[in-house]
Amino acid sequence: MRATEVLTAHHDELRSLLSELARLPGDRAVERQRVLDHLVDELSLHEQLEDEIFYPSVTAASPMVAVAHAEHRYLEDQVAVVVRTGPRRAGFDEEVRVLTAAVEHHAGHEESEMFTEVDAKLDADVLEDMGARIAARLEELRASRTTQLRLRVKREVLRRTPGGARRPR
Ligand SMILES: [Fe+2]
Ligand SMILES: [Fe+2]
């Protein structure tokens, strides 16, 4: 698979976790927390794959890379708000909606603009090779004890950081 296809498939995994989260009713807080933890981890891995492998390789092919880095930081901010709010608080659904819109804006923009440009400008062999590297790195990170620990600590730190309310914007 081309790198752009691997990343689009991973966007779809993020989308399905977000819709699973939106579908779970408020009285199923334990399941909501489980899906949220999974989502936070996968989103973090997705950004890592793009920041480490994909974006550096396509900077010349797409002017959108600079914007994309900034959008990742915004996604991380909103993830922090969702985690701090937590599935038992009243504002949770709204914060998940804000995160869903932000993910859709960013991933949709990547798919419709950046990936289209990259597919048009880079050789198919290069894209296939990059796709294999991204897929292998994703599996490696998912299986890594160190990564699992890092992600667990990250979630715990976010959860304990005071201030669940949405920041002004
Ligand atoms: Fe991205
Ligand atoms: Fe992406």
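How many residues does helix 2 have, and how far does it reach from its first C-alpha to its last? Helix 2 covers residues 29–58, so to speak for 30 residues, and reaches 40 Å, close to the 44 Å expected at 1.5 Å a residue. That expected span is 1.5 Å times one less than the number of residues. Helices here are DSSP runs (H or I, at least four residues) and strands are E runs of at least two, numbered from the N terminus.

Some ground rules before going on. This is a predicted model, in which local features need pLDDT of at least 70 and side-chain atom pairs count only at pLDDT 80 or more, while totals for chains, interfaces and linings use all residues. Residues are numbered from 1 along each chain as its sequence is written, chains are lettered from A and ligands numbered from 1 in the order in which they are written, and side-chain values use heavy atoms, leaving out hydrogens and water.

Back to helix 2, which isn't straight throughout: there is a bend of about 40° at Asp 51 (the angle between axes fitted to the seven residues ending there and the seven starting there). Of its 30 residues, 22 are buried, so helix 2 is largely enclosed by the rest of the structure. Buried means under 20% relative accessible area, exposed means over 50%, and partly exposed is in between, using a 1.4 Å probe and protein chains only.

Now for the metal. The iron ion (ligand 1) has Glu 50 (OE), Tyr 55 (OH), His 72 (NE2), His 106 (NE2) and Glu 110 (OE) as its protein donors, 2.0 to 2.3 Å away. Donors are N, O and S atoms within 2.8 Å of the metal (3.2 Å for Na, K and Ca), and sites may look incomplete because water is not among the atoms. Along the chain, these donors follow the spacing E-x4-Y-x16-H-x33-H-x3-E. Distant parts of the chain are linked here: Tyr 55 in helix 2 and His 106 in helix 4 (residues 92–121) are 51 residues apart. Tyr 55 counts as buried at 1% relative accessibility, and His 106 does too at 4%.

What about the nonpolar packing? A nonpolar core is a set of buried Ala, Val, Leu, Ile, Met, Phe, Trp, Tyr and Cys residues joined through side-chain atoms within 4.5 Å. The largest one has 23 residues, and Phe 54, Val 58 and Met 114 are among those touching the most other members. Helices 1, 2, 3, 4 and 5 each supply at least two residues of this core, and helix 2 gives the most, with six. Leaving aside neighbours within four places in sequence, Met 114 is in contact (heavy atoms within 4.5 Å) with residues including Phe 54, Tyr 55 and His 109.

Helix 3 comes next. Its 21 residues should span 30 Å at 1.5 Å a residue, and its end C-alpha atoms are 30 Å apart, which agrees. Just after helix 3, Gly 86 takes a positive phi of about 80°.

In the loop between helix 2 and helix 3 sits Thr 59, which is partly exposed, with a relative accessible area of 45%.
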